[in-house]
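Here are my notes on this one, as numbered points. Have the model open while you read.

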Amino acid sequence: MRPVRLMKVFVTRRIPPEGRAALARAADCEVEQWDSDEPIPDKELERGVAGAHGLLCVLSDRVDKRLLDVAGANLKVISTLSVGVDHLALDEIKKRGIRVGYTPDVLTDATAELAVSLLLSTCRRLPEAIEEVKNGGWTSWKPLWLCGHGLTHSTVGIIGLGRIGQAIARRLKPFGVQRFLYTGRQPRPENAAEFQAEFVSTPELAAQSDFIVVACSLTPATKGLCNKDFFQKMKETAVFVNISRGDVVNQDDLYQALASGQIAAAGLDVTTPEPLPTNHPLLTLKNCVLGIQLRGPGLLQKAVVGRSGREAVAAAAASAKSKHCNHICDKKDRAAPSIAA
């Protein structure tokens with residue numbers, strides 16, 4: 001009887017026991033893991049991926065041509081614990097016939113909840129208020145002190161009315177939002193109907209919105225989309241929130257808009273780089289609230305390599321088993337449409 005050939009799977013970050021158990025059930029896979037919560041050094045990543053049949057990575061691991069060359073011809077599956085795939089060189093991956101798994105659905109609720117919490121914290125100036133309590137700045141009740149901006153009767157603009165954009169609108173609607181606007185490559189009436197959202201151009205959205213939430217994918221079309229011109233069109237009382245990717249925003253332009261009072265405030269779940277250096281100008285501003293990316297508890301269970309196989313070694317995710325672990329770069333939207341999360 002011919003001995004079973006073990007397929008090497010390399011995991012670039014420490015994962016919970018549930019994820020390890022899912023990997024262990026693939027009896028013909030030999031799993032090696034970078035056992036740390038911190039990013040894997042380049043040299044260790046290259047060592048681990050060399051000769052691997054499967055790679056489980058995270059959004060901070062850049063899988064480019066150089067790394068694919070190091071991996072070699074054995075690599076058949078790449079799985080990423082992320083919704084976005086901008087860290088993967090999809091064109092190069094497609095050329096090599098490598099299958100890709102990602103997790104487009106498992107973070108929708110968690111990300112939408114974080115977006116709403118960040119928006120509320122920012123518009124109601126909660127971090128400022130907490131700091132004033134701690135440093136003694138709260139002396140007595142003052143009618144206009146630390147007044148924020150309310151959602152009732154407001155206009156909310158969403159850049160990217162995909163799964164996450166819709167989930168955000170669904171959570172904001174009960175706050176009494178009067179009007180939803182959205183922008184993207186094209187109208188999405190089926191997505192907009194629930195909120196009676198109006199499709200407008202990006203400049204129109206910037207000019208008319210009281211609150212703006214960025215929920216689009218990072219693509220060449222969206223990189224630097226929110227820049228000086230964008231912020232100049234916004235209302236002075238408007239609040240800007242980004243939960244997509246840091247590179248969608250020109251951070252120097254955002255800093256100037258916040259520091260000059262051109263816009264009221266910003267809440268950022270994502271930045272470039274991540275984390276920001278502690279001396280970054282944005283961190284000096286009281287009207288800029290920095291969040292951290294939180295992830296739902298089911299993510300690892302759905303994003304780990306889940307089953308064995310001779311052709312593809314392993315499928316990437318529980319959700320990927322059925323439809324997402326395929327040549328996503330063959331799809332028209334390449335798994336990351338220009339203006340849709």
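**Notes on the model**

1. Let me start with arginine 14: its relative accessible area is 38%, so it is partly exposed (buried means under 20% relative accessible area, exposed over 50%, partly exposed in between, with a 1.4 Å probe and protein chains only). Its side chain forms a salt bridge with aspartate 37, with 3.3 Å between the closest N and O atoms (a salt bridge being a side-chain nitrogen of Lys or Arg within 4 Å of a carboxyl oxygen of Asp or Glu). That pair links distant parts of the chain, 23 residues apart: arginine 14 is in the loop between strand 1 and helix 1, and aspartate 37 in the loop between strand 2 (29-33) and helix 2 (42-49). Helices (H or I, at least four residues) and strands (E, at least two) are DSSP runs, numbered from the N terminus.

2. Before going further, some ground rules. This is a predicted model, where local features need pLDDT of at least 70 and side-chain atom pairs count only at pLDDT 80 or more, while totals for chains, interfaces and linings use all residues. Residues are numbered from 1 along each chain as its sequence is written, and side-chain values use heavy atoms, with hydrogens and water left out.

3. Now the overall picture. The protein chain has 13 helices and 14 strands, and 51% of its 341 residues count as buried. Taking contacts (heavy atoms within 4.5 Å) with a separation of 6 or more, 63% are between residues 24 or more positions apart.

4. Back to salt bridges, of which the structure holds 17. Arginine 13 pairs with aspartate 61, the closest N and O atoms being 4.0 Å apart. This pair also links distant parts of the chain, 48 residues apart, with arginine 13 in the loop between strand 1 (7-11) and helix 1 (17-24) and aspartate 61 in the loop between strand 3 (54-58) and helix 3 (65-71). Both arginine 13 and aspartate 61 are buried.

5. There is a network of salt bridges too, linking Lys65, Asp69, Glu92, Lys95 and Arg96. Within it, glutamate 92 and arginine 96 meet at 2.9 Å, N to O. Glutamate 92 has 15% relative accessibility, so it counts as buried; arginine 96, at 31%, counts as partly exposed.

6. Have a look at helix 7 (residues 163-172): 7 of its 10 residues are buried, so the rest of the structure largely encloses it. The buried ones are Ile164, Gly165, Gln166, Ala167, Ile168, Ala169 and Leu172. Their cover includes helix 5 (108-123), strand 6 (155-159), strand 7 (179-183), helix 8 (189-192) and strand 9 (211-214).

7. Valine 156 sits in strand 6 and, at 0% relative accessibility, counts as buried. Leaving aside neighbours within four places in sequence, its contacts include Leu172, Phe180, Leu181 and Phe211.

8. Finally, helix 11 (residues 251-259), where Gln251, Leu254, Ala257 and Leu258 are buried. They cover an arc of only 120° around the axis, so they lie on the same side of helix 11 (the arc is that of the directions from the helix axis to the C-beta atoms). Covering them are, among others, helix 10 (228-233), strand 10 (239-242), strand 11 (265-268) and strand 12 (288-290). After helix 11 comes glycine 261, with a positive phi near 80°.
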